[in-house]
Amino acid sequence: MARDMSDKEILKMELDQLKKEVDTPRTAVLTNCAETIAFVEERTPNDQLIKGVADDKNPYKGDKGGCIIT
């Protein structure tokens with residue numbers, strides 16, 4: 001797309017994008033990291049990937065046989 005545009009058109013497009021971004025609220029990285037950590041820690045007790053699936057609800061658990069490669 002940029003190959004078909006002149007330098008002036010590219011600069012105008014960049015300027016338009018910067019005009020849109022100028023009003024975007026900014027926050028410190030430290031604040032965002034703290035919010036992300038709090039979000040993850042709040043949901044950790046219910047996360048199936050961390051605590052695992054209960055044996056009675058796990059269809060892949062049990063003595064259903066398996067494959068042994070020797």
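**Salt bridges and overall form of a predicted chain**

Glu 42 forms a salt bridge with Arg 43, and their closest N and O atoms are 3.2 Å apart; a salt bridge is here a side-chain nitrogen of Lys or Arg within 4 Å of a carboxyl oxygen of Asp or Glu. The structure is a predicted model, in which local features need pLDDT of at least 70 and side-chain atom pairs count only at pLDDT 80 or more, whereas totals for chains, interfaces and linings use all residues. Residues are numbered from 1 along each chain as its sequence is written, and side-chain values use heavy atoms, with hydrogens and water left out.

The structure holds two salt bridges, and one of them joins the side chains of Lys 12 and Asp 16, at 3.2 Å from N to O. Both Lys 12 and Asp 16 lie in helix 1, where they are four residues apart, or about one turn of the helix. Lys 12 counts as exposed because its relative accessibility is 53%, and Asp 16 counts as partly exposed because its value is 31%. Side chains of opposite charge can pair when their charged atoms come close.

The protein chain has three helices and zero strands, helices (H or I, at least four residues) and strands (E, at least two) being DSSP runs numbered from the N terminus. Helix 1 spans residues 7–21 and has the highest mean pLDDT among the elements, 94, whereas helix 3 has the lowest, 83; pLDDT is the predictor's confidence in each residue, from 0 to 100. The average over the protein chain is 85, and 90% of the residues score at least 70.

Along its principal axes, the C-alpha trace spans about 70 × 35 × 20 Å, and buried residues make up 0% of the 70 residues. Asp 55, which is placed in the segment after helix 3 (48–51), is exposed, with a relative accessible area of 54%. Asp 55 and Thr 44 are eleven residues apart in sequence, and their C-alpha atoms are 19 Å apart in space.

How values were computed:
Buried means under 20% relative accessible area, exposed over 50%, partly exposed in between (1.4 Å probe, protein chains only).
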